[in-house]
Amino acid sequence: MVALAAAIVGGLVIGPVSIGTWRIIGDVFSHVGFGHTTLTSTQSTIIWQLRAPRMVMGLLAGAMLAVAGGTYQGVFRNPLADPYLLGVASGAGLGATFAIVDVGHGVSTPTWTPLLAFVGAMAAVTATWLIGGRSMRTGVGTLILAGVAVASLLTSAQTFLQQQSSAGSITRVYIWLLGSLASSTGWGPVTLVLPYVLVCIAVCVAAGRALDVMSVGEDESRSLGVPVRRIRFIVIAASSLGTAAIVSVVGLIGFVGIIVPHIVRLLVGTSYRRILPLSVLFGAAFLVFADTIARTVIAPSELPLGVVTALVGAPVFVLILSLRRPVAV
Amino acid sequence: MSAVDVEALTVKAGSKTLVSNVTLAVEAGTWCTVVGPNGAGKTTLVETIAGLRKASHGSVSISGHPLAEMHERERAQRVALVPQHPVIPSGMSVDDYVALGRVAYHGLFRPPGANDRSIVESVLERLSLVDFRERDVMTLSGGERQRMVLARALVQSTAVIVLDEPITGLDMRHQMDMLELLKSEVAQCGLTVVATLHDLTLAGQFADRLVLLDRGEVVLDGAAGDVIRSDELAQCYAMKLRVVDVDGADVVVPVRQ
């Protein structure tokens, strides 16, 4: 909670335009009826239309990607599972590329990019499920392989589209693929994804006890009274939907979904009842912290967010790994 | 009404018939062990009784309730399973592992209640697992692990317990300990046991009744001593067997041909 509070304050306070911490905190309180603000209208716009929506989007994206990664690792019993396992990333990538290179001559960015990215992500997961879901009786291996096949197919289509487009489009596709919260100006994108993300996070966190039971394998879980296939479908659907919603707005932010749950697991043990809610908090704090670095280190330019998450997260993960005994998934 | 009623059960995997037209009734409070050579269909039969496989034809009922009409939770409250190769989840404590057996009662969205905790406590104590309760399940020895898996099945508080080769991988002493423990639970709680065992001597000493299965069909069904001493037993294994009486217990000895 302390890390989350620090990340939130940092996300609001740190930026190219220096505004005093206490003046910002005073302004926040003035919005809920305590005291009065000392910010100019320009400073207020910077805080409430630029930094705050971006910070909230960072919280939502970090929380969703981390909890989806933890959920996938539990449901697939695979430490390498991340939220993009079933083709969300490649589907969203193809959809976004479709919009950015303007294949349809009229599906112009930025209006169409999130919409087509979302449609692409959900279409990819649906295709993966239709191909591999029927074999769920015999385990999840076929579903994972179906995800690999769908992802390969869509990535090759996206690469082809990129190759046919102009240099400017290629650059914009590349920037989108690396992920960024820069597009989250104003509250529009936040309100767009908020309902999906909150519901999906709630479903994933609520599944913690079920995932703990399912750690004894499908047959034993069923003998203990768990409707394994139903639970699996629900948590995969929630993780995929939430991830698709986030990816459609912020692009492909890597590393958070795979590393944050592992860091939490190393700190608190293997129970998903603890891992999932703590991944929500830690993922949210981590991504806002990473974004603060991404937008300030080489300001006014920005570092790709995916680069920062890896640069910050990998050493932290290695440090914890070397200090603690590794635990299985 | 029997504790377990298997009626003309056939189980297929694709076109292959694994269990064929098996009819079996196990009375409450008795111990029935299914024996037979590898590939006879023993595991398929007991997994179907535990509700993990669907019958292609026929039916299985537990205390008069057809398995096919039960939800997962109801089934887990009527029949518990000790699998042949249990999955041991690293990082989980013995206490948490045993408490998994109560999920069918408190559900997936609530923690174990006071009654669940008291049942877990009682079973941990009976099976001498109290001292291990905080230990990581991966740190237990084979014998301790098997006791822990049995404890998880016992806290399900079912009338019927199904065990698939519960003494696989244990030394003689631990095999005997495990079966004695189970026998005392049967006597104390009136449990009905359906088990599979490869060891014919132990099967004969602990079960009230043996069912000899071969190629998915019941070859012989009767009192343990009768099945152990039958000609059919040697024929099913396609080998020469001798049964020796040691202090009143039948010991099955394979004879080299």
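**A threonine in a helix, and other sites**

Modeller: Thr292(A) belongs to helix α13 of chain A, which covers residues 272-296. The model is a predicted one. Thr292(A) has a relative accessibility of 7%, and since buried means under 20%, Thr292(A) counts as buried. Its side chain reaches the backbone oxygen of Val288(A) at 2.8 Å. If neighbours within four places in sequence are left aside, the contacts of Thr292(A) are Gly10(A), Gly11(A) and Ile14(A).

Another threonine of chain A can be described in the same terms. Thr243(A) is part of helix α11, residues 228-250 of chain A. The relative accessible area of Thr243(A) is 0%, so this residue is buried. With neighbours within four places in sequence again set aside, Thr243(A) is in contact with Met64(A), Leu65(A), Ala68(A), Pro83(A), Tyr84(A) and Val88(A). A distance can also be given to Cys200(A), which is 43 residues away along the chain: the C-alpha atoms of Thr243(A) and Cys200(A) are separated by 8.9 Å.

Next come the aromatic rings. Over all chains, the structure holds 4 aromatic pairs. One of these joins Phe118(A) and Tyr196(A); the ring centres are 5.9 Å apart and the planes stand at 40°, so the pair is tilted. Phe118(A) sits in helix α5 (residues 112-132) and Tyr196(A) in helix α8 (residues 188-206), both of chain A, so this pair ties together parts that are 78 residues apart in sequence. Tyr196(A) is partly exposed, because its relative accessible area is 39%.

In chain B, Trp31(B) and Phe206(B) form a tilted aromatic pair, with 6.0 Å from centre to centre and 35° between the planes. Here a strand and a helix are involved: Trp31(B) lies in strand β3 (residues 31-35) of chain B and Phe206(B) in helix α8 (residues 200-206) of chain B, so the pair ties together parts that are 175 residues apart in sequence. Both Trp31(B) and Phe206(B) are buried.

Phe29(A), Val32(A) and Phe34(A) make a nonpolar surface patch of about 350 Å². Of these residues, Phe29(A) is placed in helix α2 of chain A, residues 21-31. Phe29(A) has a relative accessible area of 45% and is therefore partly exposed.

Note on methods
Residues numbered from 1 in each chain as written. Chains lettered and ligands numbered in written order. Predicted model: local features only at pLDDT ≥ 70, side-chain atom pairs only at ≥ 80, totals over all residues. Heavy atoms only, no water. Patch = residues over 30% accessible without salt bridge, like charges linked within 9 Å, V, L, I, M, F, W, Y side chains within 5 Å. Areas by Shrake-Rupley, 256 points an atom, 1.4 Å probe, with all protein chains shown as cover. Salt bridge = Lys/Arg side-chain N within 4 Å of Asp/Glu carboxyl O. Helix = DSSP H or I, 4+ residues; strand = E, 2+ residues; numbered from the N terminus. Buried < 20%, exposed > 50% of the residue type's maximum accessible area, 1.4 Å probe, protein only. Polar contact = N/O pair within 3.5 Å; in protein donor to acceptor, adjacent residues only side chain to side chain. Contact = heavy atoms within 4.5 Å. Phe/Tyr/Trp six-rings, centres within 6.5 Å; stacked < 30°, edge-to-face > 60°.
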